[in-house]
Amino acid sequence: MTADACPALVLNADFQPLSYLPLSLWPWQEAVKAVFMDRVNVVSEYDQVIRSPRVEIRLPSVVSLKEYVPTAPRAAFTRFNVFLRDGFTCQYCGARLPAHDLTFDHVVPRSKGGRTTWLNVVAACGPCNMRKANRTPREAGMPLRKPAVEPTAHWLRNIGRSFPPGYLHESWRDFLYWDVELESS
């Protein structure tokens, strides 16, 4: 394993990830710099070692911030967060798709006074967005699967937990997915 394949999971001072989607990761260089600047505690390490003429250290795989960083109370209104709120699912036909295959649709079209807000924008697949066109869901005969709502930042973080990243190092598992049911023996 090369050093470039050794990102560090970044936890807040309360040992919760700063974010779940995207997962809060730092490249190894940032993690090592934060260790030397005394901004983080090393919680777990990789077997991978880096060396300088005077120092040899194992790369951190999990670090926790020494000072708590408060999370934003309001969720940022972004295309990705709309898709996350809607579970990467078209709100008209119910197809679950990757983000690059989704569009966002104004429930009430902008030409009819609709605004670009949490309450008027939903995830839609391309075919449904084209079919609905410049009409309301009622006019198009395409009811929404669920109403558009403004999520809290906490709610979006919890939704993000259900979308595990493609790569999970074994040392990260103790700090992710606390709500997973434990196996009974």
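Reader: How do the residues of the lining of the largest pocket divide into nonpolar, polar and charged?

Author: Eleven are nonpolar, three polar and two charged. Ala, Val, Leu, Ile, Met, Phe, Trp, Tyr, Cys and Pro count as nonpolar, Asp, Glu, Lys and Arg as charged, and the others, Gly among them, as polar. This is a predicted model: local features need pLDDT of at least 70, side-chain atom pairs count only at pLDDT 80 or more, and totals for chains, interfaces and linings use all residues. Residues are numbered from 1 along each chain as its sequence is written, and side-chain values use heavy atoms, without hydrogens and water.

Reader: Why is S61 called buried?

Author: Buried means under 20% relative accessible area (exposed is over 50%, partly exposed in between; 1.4 Å probe, protein chains only). S61 has 0%, so S61 is buried.

Reader: What is S61 in contact with, leaving aside its neighbours within four places in sequence?

Author: Contact means heavy atoms within 4.5 Å. The partners of S61 include P7, Y46, H169 and W172.

Reader: What makes C125 and C90 buried or exposed?

Author: C125 has a relative accessible area of 7%, so C125 is buried. C90 has 0%, so C90 is buried too.
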